[in-house]
Amino acid sequence: MLPPVPRPTDYGVSPDRGFLPAENPTQCLSHPVYDRWERIMNNFQSLLLSKRLRTVIDRLPIIPAVHLETEAEWRRAYSILTFMAHGYIWGGDKPSERLPPSITYPLLQVSDHLELPPVATYASVCLWNFKPIFLSEALDLDNLSTLTTFTGSLDEQWFYLVSVAMEAKGGPSIPIMLKAIQAARDDDCATVTKSLQSFAQTLDELGTLLVRMYENCDPHVFYHRIRPFLAGSKNMKDAGLPQGVFYDDGSRRATWRQYGGGSNAQSSMIQFFDIVLGVEHRPTGSKKDETTSESELEQGAAPRPRHNFIHEMRQYMPGPHRRFLQAVEGVANIRDYVENNRSRTELCIAYDACLAMLRTLRDKHIQMVSRYIIVKSRESRSLSRTRRESSSDHVPMAKGIASVRYDQPHTADQPQRKKKMRGTGGTALIPFLKQARDETGEPAIDDWARKLLTGGRRTAADAEIAFESRLTAADLDADEPQIVGLAGAWSMEDAGGGLCAY
């Protein structure tokens with residue numbers, strides 16, 4: 001017997017807003033015991049700017065989460081505690097390797113309740129961190145504001161709000177595609193076709209929303225001012241966190257922990273799109289139909305399975321959303337239904353159109369990564385190199401400041417090796433994005449469409465990355481390409497423009 005098609009509301013998913021909360025996020029915790037937290041958030045940017053945030057947090061008493069009354073308040077607590085945690089870690093002259101009990105103790109309680117890691121995630125900075133400007137109007141990009149930012153800048157608000165607006169726009173497609181799954185079971189080709197056509201239109205509109213990022217989020221501000229605060233503690237040895245962060249909850253069980261930073265890969269909506277269309281993603285670097293020989297298995301010489309970043313990112317989603325995706329995986333049948341009805345041209349065209357629109361969305365994202373990260377990374381390295389070449393003597397770094405330089409000369413006793421800059425969660429960002437994009441086209445029904453959608457031609461994003469990185473198109477497909485990302489290794493020089501400079 002087939003499992004029932006899941007109901008979104010059973011998993012905290014709104015039929016109208018998707019993975020955004022059905023009710024607007026609460027803007028203040030009601031119990032007076034949490035007034036201390038709210039006062040910090042009311043002066044959050046000022047405390048960061050004056051570098052007094054750590055002092056204020058160190059003086060906080062431990063306030064348990066027992067007085068949180070509603071799910072909205074649990075989410076509010078998670079959001080403000082993760083903002084305080086990241087501000088505490090990255091808001092000084094050097095990163096703090098320890099989170100004090102005043103943050104750790106309640107953050108672990110709240111994270112456990114929401115089934116999330118105790119770190120800033122897509123949920124805390126986007127899903128639960130917005131408010132409409134006019135309550136009577138829809139959650140459009142021009143009717144949204146954020147509740148909390150690190151910098152207080154319009155650029156940071158816009159960076160979060162574009163994602164919020166995309167979630168709101170994509171939300172209604174969830175019940176539409178669940179209806180299509182049921183229609184496929186009922187062999188209702190007309191409903192499946194109509195649903196796919198509507199879905200393709202929504203994906204196209206999401207691509208239009210994404211590129212509005214350029215309107216109000218400046219790449220320089222993002223790279224040097226916003227991005228550093230969003231970093232996690234995983235693969236951050238060169239930034240000054242060799243063991244990650246010590247989550248001091250005041251008990252003997254306190255431990256060092258390592259988590260990836262905030263990432264759009266933590267959006268349940270994008271993974272839902274992949275699931276309903278039958279798009280499968282492999283570990284970065286894996287080829288399609290890549291198999292291990294029986295002799296390798298018998299000899300025990302088979303390579304270990306490689307890291308699948310997309311599946312790991314589910315651990316950074318709220319628990320109910322994660323379970324919703326698992327439930328949809330158990331009933332997804334659109335790809336098989338279309339495959340079994342190849343003679344129905346309109347159905348096949350609608351399905352391939354959805355894949356094309358989703359691939360285009362990912363291509364626009366790659367282009368954005370090029371402009372916001374790769375270009376700024378290259379500019380920073382070039383500026384750092386110019387400064388060193390213009391200086392006759394090497395000036396030592398201040399004691400305690402971590403430094404890593406990717407273009408410094410190698411000494412005779414230091415083997416030359418290529419430093420790899422990794423993305424959020426430790427993944428190789430550009431190869432990961434390019435592979436995910438090309439995998440989106442693999443289920444295409446039409447042979448010609450599949451060829452185009454699986455990397456059969458170079459796009460504007462490919463050309464831009466190759467040009468801005470001073471790499472050839474062939475270099476981008478090499479085994480060891482240049483890798484940059486949100487939470488890469490940083491240089492913390494005084495002249496580096498903030499905490500982050502490659």
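**View 1. His-365 sits in helix α17, which covers residues 345-389.** In this predicted model, the relative accessibility of His-365 is 26%, so the residue counts as partly exposed. That label follows because partly exposed covers the range between the 20% limit for buried and the 50% limit for exposed. His-365 also carries an annotation: UniProt, in an unreviewed entry, places the feature "binding site" here. Look around the side chain and, setting aside residues within four places in sequence, you will find contacts with Leu-210, Asn-264 and Leu-433.

**View 2. Ser-96 belongs to the loop that links α4 (71-90) and β1 (98-99).** Is Ser-96 buried or exposed? With a relative accessible area of 12%, Ser-96 is buried, because buried means under 20%. Its side chain has a polar atom 2.8 Å from the backbone oxygen of Arg-98. Beyond four places in sequence, Ser-96 touches Arg-54, Tyr-88 and Ile-89, along with Leu-241 and Val-245.

**View 3. Residues 291-307 and 471-502 both call for some care in reading.** For the protein as a whole, the average pLDDT is 83, and 78% of the residues reach at least 70. Over residues 291-307, however, pLDDT is below 50, and the model gives this stretch 14 contacts beyond near neighbours in sequence. Residues 471-502 likewise stay under 50 in pLDDT. How many contacts beyond four places in sequence does the model have for residues 471-502? The count there is 117.

How values were computed
Residues numbered from 1 in each chain as written. Predicted model: local features only at pLDDT ≥ 70, side-chain atom pairs only at ≥ 80, totals over all residues. Heavy atoms only, no water. Helix = DSSP H or I, 4+ residues; strand = E, 2+ residues; numbered from the N terminus. Buried < 20%, exposed > 50% of the residue type's maximum accessible area, 1.4 Å probe, protein only. Polar contact = N/O pair within 3.5 Å; in protein donor to acceptor, adjacent residues only side chain to side chain. Contact = heavy atoms within 4.5 Å. UniProt positions renumbered as here; feature names shortened; annotations may be inferred. pLDDT = per-residue confidence, 0-100.
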